[in-house]
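Please read the following report alongside the sequence and the coordinates.

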Amino acid sequence: MMEMYLYLALFAPLAGSLFAALFGASPKTLWTGLITSGLLFTSFVSSVILFSYLLSGGEVIHVEMMTWMATGNLYIPFGFVVDEVSATMMIVVTTVSTVVHVYAIGYMDHDKGFNRFFSYLSAFVFSMMVLVMSDNFAGLFIGWEGVGLCSWLLIGFWYHKETATWAANEAFIMNRIADLGMLIGIFLIYWNTGSLQYDKVFAEVPYLDIDTVTMIGIFLFVGAMGKSAQFPLHTWLADAMEGPTPVSALIHAATMVTAGVYLVIRANPIYDLIPDVGYMIASLGAFVAIFAATMALVNRDMKRIIAYSTLSQLGYMFVAAGLGAYWVALFHLMAHAFFKALLFLGAGNVMHAMDDELDPVKMGGLRHAMKWTMVMMTLASVALAGIYPLAGFFSKDKILEVAFSGDHYILWGTLWVTAGLTAFYSFRLIMLAFFGEKRHEALGFHPHEAYKYVLWAMSPLAVLAVIAGWFEHEFVHFITHLLPNFEFHTHHVEMILIIVTSMIALGGIITAIMLYKNGPLSKKWEERPCYKVLINQYFIPQFYEEFFTKPYRELSRVLWKEVDMKIVDASVDGIANTIYGTGEKTRHMQDGNLSSMLRWMVIGLLILLTLAAAFSFGTSDTVQQALSDLGAI
Amino acid sequence: MSLFALLFGGALVSPLIKNMALLKLFALLILLWSGYALSQGAGVGLVFFEQSSYVRLFEAVVLIVSAALILHLDKEDHGTITQLLFIAAASMALLESTTLLSFVITFEAVSIISFVLVSNIKDATQAEGAIKMFFAGALASGIILFGLGLFAVSGHDFNASALSVDDTFGMIALFIILIGIFYKLTIFPMHTWAADTYAQVSHTNAAILSAIVKTVVALATFKIFMPFLAQLGEMPIYLLAALAVITMTLGNILALYQKSIARILAYSSIAHAGYMLIPFAAVASTYAPTGLLYIAVAYIFMQSAVFLVLEILRKELEIKTLDDLKGLGQKNPLYALLFTVQLFSLAGIPLLAGFIAKAVAFYAGVDAGLWPLIMIALLNSALSVGYYAWIVKHIYFDEAQTKGVITGRFTALLGQLILLGGTIYFGVIAADIFGVLS
């Protein structure tokens with residue numbers, strides 16, 4: 001019986017995607033939006049049923065749908081598992097995606113590609129469900145690539161924007177590069193344990209050589225870095241904001257970018273064995289937390305501010321996961337998904353009201369026109385800042401406690417400062433957009449509140465952003481069936497920590513309110529060097545462009561034009577023309593000749609033969625040594 | 001009935017049939033009959049030729065892809081059907097050859113028919129491509145014969161069933177032969193002709209050359225040379241690994257800069273030759289034969305499919321460059337989708353054949369301990385997404401130019417669906433290919 005719900009939760013989004021794809025090319029039909037949303041809701045309900053089944057003490061549900069690869073000792077099925085971790089992830093994914101689907105019916109109202117959009121969006125949810133429900137690393141990887149592909153389609157959805165297609169490709173390629181790290185990790189796992197099933201692998205891992213486990217841990221984390229946009233692979237996330245806002249809310253805040261955190265949580269038996277790697281992950285996380293928060297301080301693009309905030313919060317999650325507090329990471333992942341998605345959807349409302357204007361400096365005083373959006377975004381911001389009793393307070397506070405408990409005071413200090421910055425930039429955005437003078441009037445905007453049902457669609461997230469943290473004890477009890485419990489050694493200072501953290505968050509909020517209550521700061525600020533560094537994202541995108549993208553493109557050009565065409569390659573225009581009579585003499589870049597091509601083949605042959613002979617004779621040990629060092633292959 | 005005789009006889013009879021529709025039907029029937037014969041256990045049936053389940057699977061795939069190709073062809077390609085049947089016959093023989101002599105003879109047979117295939121010249125560009133292939137091929141044949149001569153002079157038997165040598169001259173002779181064969185596989189530095197030939201001859205011919213001929217040669221070579229490679233020490237393995245790295249990297253980097261779609265696909269084909277060399281280097285691993293078989297199966301489907309779609313696009317819409325491709329997704333969603341799926345398979349996206357093919361081949365490398373090679377290969381496959389996604393970007397993410405709708409013959413579409421089926425089937429169900437070796 002429960003298996004049926006498992007399949008329902010998994011395949012309802014796929015059915016929705018295929019249905020919408022049928023009408024992909026035709027103009028907007030409201031039905032596609034409604035039916036995909038309905039199917040998503042079905043998936044949500046099934047997830048809730050599965051979750052409550054587990055909650056009431058039910059057994060972990062494990063199914064094997066079919067065999068994917070099987071031969072001798074290799075056996076990889078398409079298997080799915082619903083345990084405490086995947087059930088929690090399923091709830092998060094289906095809740096946010098159902099809300100986003102309904103929201104998108106209103107948001108994409110006037111878009112030509114309405115049906116196409118829903119097809120992609122549902123396909124994304126399906127991939128994400130495969131990712132979290134798979135019972136082995138192969139299935140995880142399939143979902144992993146699937147969400148990457150859908151993310152690519154969705155970032156580039158508005159393809160008439162050149163920046164959008166560029167951002168889509170950037171995200172895709174950067175993720176693929178990180179994925180190869182993950183693939184190596186998976187190879188290593190299979191090579192050493194002979195299986196890819198989680199249970200078998202995790203049972204086997206403690207008997208492995210510690211260096212091997214370290215390598216596995218590092219390579220898997222490289223994959224996680226790509227998906228969760230950790231430094232130095234973080235640039236794609238901010239650029240991904242070119243996609244439609246519901247996409248940003250679902251993929252680039254609540255679900256896909258947390259896949260990296262999910263991977264570390266899921267692979268906790270591996271990371272438990274290698275605390276050093278865990279500490280590295282935590283340190284990187286803390287760095288990203290403050291690094292991204294600083295970039296959010298000055299940015300003038302509403303969605304990018306929220307994107308940097310997402311980066312920063314992912315950093316928090318990695319601190320918790322890296323230090324072994326897996327359930328805390330999962331807890332923050334869940335709470336963050338709710339309030340961050342809400343924040344994005346609110347930003348979407350503002351964008352609609354302001355004709356896609358994203359600069360909060362040009363807004364101001366929107367609270368009059370958009371009361372409910374203002375309320376919900378403020379609520380989400382308070383939750384993000386971590387003020388009692390909203391969701392962010394409980395989860396973020398726990399992470400700080402984890403850092404303090406392990407005597408990692410530098411990590412704690414970093415996160416503590418970041419908490420202040422977070423509160424500051426969140427309220428800078430709120431103040432600039434919703435309060436102060438109506439600067440937009442001078443620019444000729446006529447903002448209006450979003451559709452009623454759009455606001456209703458957002459309301460579940462608003463409720464969750466408030467209450468999600470209240471069930472901490474129940475959650476701990478539930479999740480520690482599967483995840484290790486974390487021993488806190490902070491009981492004596494717990495209250496002090498909470499007060500200190502809340503103080504800095506409140507301080508951040510108050511500073512932002514005081515500074516921005518009369519609108520943006522004077523232009524003078526923008527002259528300062530630190531502003532320039534931050535607004536240019538520490539010049540990292542320029543660095544990548546200058547040192548990676550351009551040289552690679554240049555290498556390709558030079559190799560082709562200068563080497564392959566001129567030296568290696570050659571044309572036989574002459575001979576071909578003689579035989580065929582006439583020819584296209586004007587064709588450029590065909591200025592070699594056949595003899596040079598053949599000469600190259602012969603030279604190549606001679607070189608290879610010499611090498612082969614040298615190897616075969618094996619007369620010279622030094623040559624062999626030199627070559628093996630050189631090739632090191 | 002012998003598989004070879006069936007296909008060869010069919011090829012001999014085929015020029016007599018003047019009506020194209022009848023000829024296609026005839027060729028399909030021959031292929032169907034061959035398929036039936038194959039399922040009954042028929043092989044070439046001559047001395048020095050032998051079938052195994054490994055070979056049989058690939059023979060079946062070659063027959064299926066040939067059928068898809070025949071469905072694709074139209075009136076102008078009258079001669080191509082005959083040549084395709086000849087190639088299929090020679091391919092069966094090449095795949096089943098068990099000794100060096102039978103291997104070299106059938107290899108030359110495939111080469112000669114390939115020359116005849118590209119000799120169907122319609123303009124100067126095609127002439128150029130054909131001439132290049134001819135000269136490079138002639139040189140390669142010379143190299144192979146030279147190696148064969150050396151092999152004989154150093155006192156070895158052509159007809160020994162398992163290739164193994166213990167003297168230096170024999171080893172060098174086999175290396176010379178192997179390098180000559182690498183020309184057909186477009187391995188660096190024998191790759192130069194391929195970028196031009198694949199891009200310049202008609203796309204249908206490019207599909208036959210780069211998909212069928214290349215994979216058949218790769219598989220047959222591996223079969224014959226595996227004992228020899230396995231007996232070698234580490235050093236020549238390093239040499240093969242280095243060639244693999246150079247070939248795939250060169251192909252991928254050069255593909256990135258191209259504007260012409262055919263040229264991108266040509267360089268992508270060279271890059272894939274580099275991937276195919278990985279199992280050669282990883283011969284020590286038990287996964288090497290599976291890896292190569294998987295790459296061959298996946299590649300024959302996706303590579304022939306992309307060139308055939310391109311042929312349709314060129315014929316009906318004059319699409320040649322990336323810019324011509326803009327907005328194809330809006331006007332011709334079906335063909336755009338067919339093209340996209342195969343491109344993604346080439347890029348190695350999961351649940352398409354190209355992904356498992358690479359995964360298994362790369363894993364063979366890991367298993368053989370060739371870590372640096374696999375790292376570079378993985379990096380290559382990640383970067384190659386750059387140009388595959390770039391093509392797809394033009395298809396979907398750019399505003400449509402004024403362009404017609406593809407009317408497309410039904411049979412050509414059917415051929416495409418067969419190829420699509422192969423790419424998806426072998427992407428989802430891997431058990432068939434893993435099964436043949438266990």
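This is a predicted model: local features need pLDDT of at least 70, side-chain atom pairs count only at pLDDT 80 or more; totals for chains, interfaces and linings use all residues.

Residues are numbered from 1 along each chain as its sequence is written, chains are lettered from A and ligands numbered from 1 in the order in which they are written, and side-chain values use heavy atoms, with hydrogens and water left out.

## Chain B as a whole

The secondary structure of chain B consists of 18 helices and zero strands, where helices (H or I, at least four residues) and strands (E, at least two) are DSSP runs numbered from the N terminus. Its radius of gyration is 20 Å, close to the 22 Å that the globule rule gives for 438 residues, so chain B is as compact as a globular protein of that length; the radius is taken over C-alpha atoms, and the rule is 2.2 Å times the number of residues to the power 0.38. The C-alpha trace of chain B spans about 65 × 50 × 45 Å along its principal axes.

Of the 438 residues of chain B, 68% count as buried, a term that means under 20% relative accessible area, with exposed set at over 50% and partly exposed in between (1.4 Å probe, protein chains only). The accessible surface of chain B is about 12,700 Å², and carbon and sulfur atoms hold 69% of that area; such areas come from the Shrake-Rupley method with a 1.4 Å probe, and for residues only the protein chains shown count as cover. Among contacts in chain B between residues at least 6 apart in sequence, 82% join residues at least 24 apart, a contact being heavy atoms within 4.5 Å.

## Cavities and a pocket

On a 1 Å grid over the protein atoms alone, a cavity is a set of points where a 1.4 Å probe fits but cannot get out, and a pocket is an open set with protein on both sides within 12 Å along at least five of seven lines; lining residues have an atom within 4 Å of a point. Grid points are joined across faces, edges and corners, and a volume is the space filled by probe spheres set on the points.

Eight cavities of 30 Å³ or more are present in the structure. The largest cavity holds about 270 Å³ of space, and of its 18 lining residues the closest to the centre are Met69(A), Ile76(A), Phe187(A), Leu196(A) and Ala359(B). Two or more residues of this lining come from each of β1 (61-71), β2 (74-82), α5 (137-155) and α6 (162-193) of chain A and from α15 (353-367) of chain B.

In the second largest cavity, Arg176(A), Leu183(A), Gly348(B), Leu378(B) and Ser381(B) are the closest to the centre among 15 lining residues. The elements giving two or more residues to that lining are α5 and α6 of chain A together with α15 and α16 (371-396) of chain B.

The second largest pocket has 35 lining residues, and Trp166(A), Glu170(A), Ile173(A), Thr549(A) and Arg553(A) lie nearest its centre. Its lining takes two or more residues from each of α6, α9 (235-239) and α24 (540-568) of chain A, and from α10 (234-257) and α16 of chain B; α24(A) gives the most, with nine residues.

The table sets out the volumes and the lining classes, for which Ala, Val, Leu, Ile, Met, Phe, Trp, Tyr, Cys and Pro count as nonpolar, Asp, Glu, Lys and Arg as charged, and the others, Gly among them, as polar.

| Space | Volume | Lining residues by class |
|---|---|---|
| Largest cavity | about 270 Å³ | 18 nonpolar, no polar, no charged |
| Second largest cavity | about 130 Å³ | nine nonpolar, two polar, four charged |
| Second largest pocket | about 1,300 Å³ | 20 nonpolar, seven polar, eight charged |

## Local features of chain A

A cis peptide bond, with omega about 5°, joins Phe231(A) and Pro232(A), and Pro232(A) is found in the loop between α8 (210-227) and α9 of chain A. The loop between α8 and α9 of chain A also holds Ala229(A), a residue other than glycine whose phi is positive, near 50°, and which counts as buried at 0% relative accessibility. The peptide bond from Tyr388(A) to Pro389(A) is likewise cis, with omega near 0°, and Pro389(A) sits in the loop between α16 (371-385) and α17 (391-405) of chain A.

Thr255(A), in the loop between α10 (245-254) and α11 of chain A, is buried with a relative accessible area of 1%. Not counting residues up to four places away in sequence, Thr255(A) touches Val93(A), Phe124(A), Met128(A) and Leu250(A). Helix α11 (residues 259-266) of chain A is mostly covered, with eight of its eight residues buried, including Tyr262(A) and Arg266(A).
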